[in-house]
Amino acid sequence: MENSVEKVGSRIREIRRSKNETQQQLSVAVGVVQQSVVAWESGRCLPNILSLIRIAGYYEVSADFLLGLAKKRAISRRPYSVGTLACTFIKEQ
């Protein structure tokens, strides 16, 4: 059974692969080194909040989905969802 850190890593890997992207491409998009993506996807550590928001915005998924709090990839439209806040933050940057 996956723990929470592994689940986040699995979701990031699943989305990245579905877009036929490399770890290097994701690292450039998020602004981190490739070793960070490797560590996230292997379940060794979690992305920090800014990286999580950037990943969610880049792939147009909710942070809730990445964190395992939602089963659907779609960005939630609930007023206080983590995913909505993440997208709002990304758009303001």
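The model is a prediction in which local features need pLDDT of at least 70 and side-chain atom pairs count only at pLDDT 80 or more, whereas totals for chains, interfaces and linings use all residues. Residues are numbered from 1 along each chain as its sequence is written, and side-chain values rest on heavy atoms, with hydrogens and water left out.

The secondary structure of the chain consists of six helices and zero strands, where helices (H or I, at least four residues) and strands (E, at least two) are DSSP runs numbered from the N terminus. Read from that terminus, the order of elements is α-α-α-α-α-α. Of the 93 residues in the chain, 40% are buried; here buried stands for under 20% relative accessible area, exposed for over 50%, and partly exposed for values in between, with a 1.4 Å probe and protein chains only. The chain exposes about 5800 Å², of which carbon and sulfur atoms supply 53%, the areas coming from the Shrake-Rupley method with a 1.4 Å probe and, for residues, with only the protein chains shown counted as cover. Among contacts (heavy atoms within 4.5 Å) with a separation of 6 or more, 45% join residues 24 or more positions apart.

Apart from neighbours within four places in sequence, Leu-26 is in contact with Ile-12, Arg-16, Val-37, Ile-55, Tyr-58 and Tyr-59.

Helix H4 spans residues 49–59, and its buried residues are Ser-51, Leu-52, Ile-53, Ile-55, Ala-56 and Tyr-59. At the start of this helix, a side-chain oxygen of Asn-48 comes to within 3.2 Å of the backbone nitrogen of Leu-50. Tyr-58, also in H4, counts as partly exposed because its relative accessibility is 36%. When residues up to four places away in sequence are not counted, Tyr-58 touches Glu-21, Leu-26 and Ala-29; the C-alpha atoms of Tyr-58 and Ala-29 are separated by 7.3 Å, although the two lie 29 residues apart along the chain.

In helix H2, Ser-27 has a relative accessibility of 2% and therefore counts as buried. Beyond its neighbours within four places in sequence, Ser-27 is in contact with Val-32, Val-33, Gln-34 and Val-37.

Two loop residues other than glycine have a positive phi. Asn-20, in the loop between H1 and H2, has a phi near 55° and counts as exposed because its relative accessibility is 70%. Glu-60, placed in the loop between H4 and H5, has a positive phi of about 55° although it is not a glycine, and with a relative accessible area of 62% Glu-60 is exposed.

Finally, Arg-11 lies over the face of Phe-65 at 4.2 Å from the ring centre, a charge being placed over a ring if NZ of Lys or CZ of Arg is within 6 Å of the ring centre and within 35 degrees of the ring normal.

Technical notes. A polar contact is a pair of N or O atoms within 3.5 Å; within protein, one must be able to donate a hydrogen and the other to accept it, and residues adjacent in sequence count only if both atoms are side-chain atoms.
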